[in-house]
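Subject: Structure handover

Hello,

Here is the structure for you to look through. My notes follow below it.

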Amino acid sequence: MSQIEAVKEKLRVVRILKLLKKRYTYEELSKITGLPITVLNRYVRGKVLPSTDRAKELLELLSPYINIEEEVRRRIQFDEHGLFDNMKILSDTNLMSLIAEEVASKYISKNISKVLTAATDGIPLAVHIANELNVDVVYAKKKKEVGVEKFYEVNYVPSASGSVMTLYLPQWALKKGERVLIVDDVIRSGETQRALLEMCKQAGAVPVGMFFLISVGNIIDVLKNDYNIPVDSLVRL
Ligand SMILES: O=P(O)(O)OC[C@H]1O[C@H](OP(=O)(O)OP(=O)(O)O)[C@H](O)[C@@H]1O
């Protein structure tokens with residue numbers, strides 16, 4: 001294992017502990033890990049990192065207690081209009097990092113050169129995944145910013161609106177031949193995602209896969225079928 005990989009593993013353990021700390025007390029975590037509360041507390045507060053051996057041990061001991069999908073599901077609470085507050089998920093940088101690590105491990109060998117999303121809510125997840133893949137992140141916006149010379153532009157009809165919208169991306173942001181991972185927080189009708197795929201087409205870029213935190217209905221299977229690329233979501237509603 002390289003030094004960087006070892007550090008990443010240690011940071012992963014700290015992230016897992018931080019997440020578990022939201023549901024378990026230090027006493028409970030101490031029983032699970034066999035480590036004193038003071039030691040666990042120092043890890044959680046980022047004061048020290050576990051040794052390489054201890055990080056491995058902790059990963060094994062803690063894995064049965066961690067279920068990222070459940071963690072996301074637990075935060076989805078629908079209101080009377082059938083909507084939910086996704087900021088309960090997107091605001092948790094620790095959770096986002098853990099999810100991004102999993103997604104990146106699937107795509108790390110796929111030579112991704114850009115992560116592409118649509119503003120606004122796709123951005124936090126896209127940044128975390130791009131960071132893990134060590135590539136840049138670009139996002140299409142719903143308005144034309146001044147100061148940009150040329151845009152890719154795609155019209156689409158978002159499910160809820162019933163009116164035509166346009167997504168804009170500066171042309172410098174996506175180049176011919178680039179290998180693109182498309183991500184977003186939620187996919188419902190898939191219209192936003194089809195617009196992003198169309199943007200890749202305009203640029204001559206290659207969509208390599210798609211990942212969503214939450215998908216509604218069977219849209220994942222529809223896109224997989226239509227585009228013949230891996231399409232996954234962490235939580236299916
Ligand atoms: O699959 P679809 O039916 O296209 O819906 C999914 C899109 O809807 C949400 O964005 P929204 O357009 O609400 O914009 P926002 O991120 O600025 O809230 C979400 O972030 C996705 O981009």
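Helices (H or I, at least four residues) and strands (E, at least two) are DSSP runs, numbered from the N terminus. With that in hand, Thr192 sits in helix H9, residues 191–203.

Some ground rules. This is a predicted model, where local features need pLDDT of at least 70 and side-chain atom pairs count only at pLDDT 80 or more, while totals for chains, interfaces and linings use all residues. Residues are numbered from 1 along each chain as its sequence is written, and side-chain values use heavy atoms, with hydrogens and water left out.

Back to Thr192. What does Thr192 touch, not counting residues up to four places away in sequence? The list is Ala118, Tyr156, Leu167 and Asp184; contact means heavy atoms within 4.5 Å. Lys47 is 145 residues from Thr192 in sequence, and their C-alpha atoms are 42 Å apart in space.

Next, the domains. The bounds come from an automatic or database domain assignment. Domain 1 covers 3–66 and domain 2 covers 84–236. Their C-alpha centres lie 32 Å apart. Seven residues of domain 1 are in contact with seven of domain 2. Together the two domains bury about 680 Å², with 43% of it on carbon and sulfur atoms. Buried area is the accessible area (1.4 Å probe) that two parts lose on being put together, summed over both. Arg12, Arg15 and Leu19 supply 72% of what domain 1 buries against domain 2, more than any other three residues.

How many salt bridges are counted between domain 1 and domain 2? Three. A salt bridge needs a side-chain nitrogen of Lys or Arg within 4 Å of a carboxyl oxygen of Asp or Glu. Arg15 forms one with Glu101, and the closest N and O atoms are 2.4 Å apart.

UniProt also has a record here. Its unreviewed entry places the feature "domain: HTH cro/C1-type" at residues 15–67. Positions are in the numbering used here, feature names are shortened, and annotations may be inferred rather than shown by experiment. This span is 64% helix and 0% strand, and its end C-alpha atoms lie 13 Å apart.

Last, the backbone. Most residues other than glycine have a negative phi, and most peptide bonds are trans. Asn111 is not a glycine, yet has a positive phi of about 55°. Asn111 is in the loop between helix H7 (93–107) and S1. A cis peptide bond joins Ala119 and Thr120, with omega about 10°. Thr120 lies in the loop between strand S1 (114–118) and helix H8 (123–133).

Best wishes
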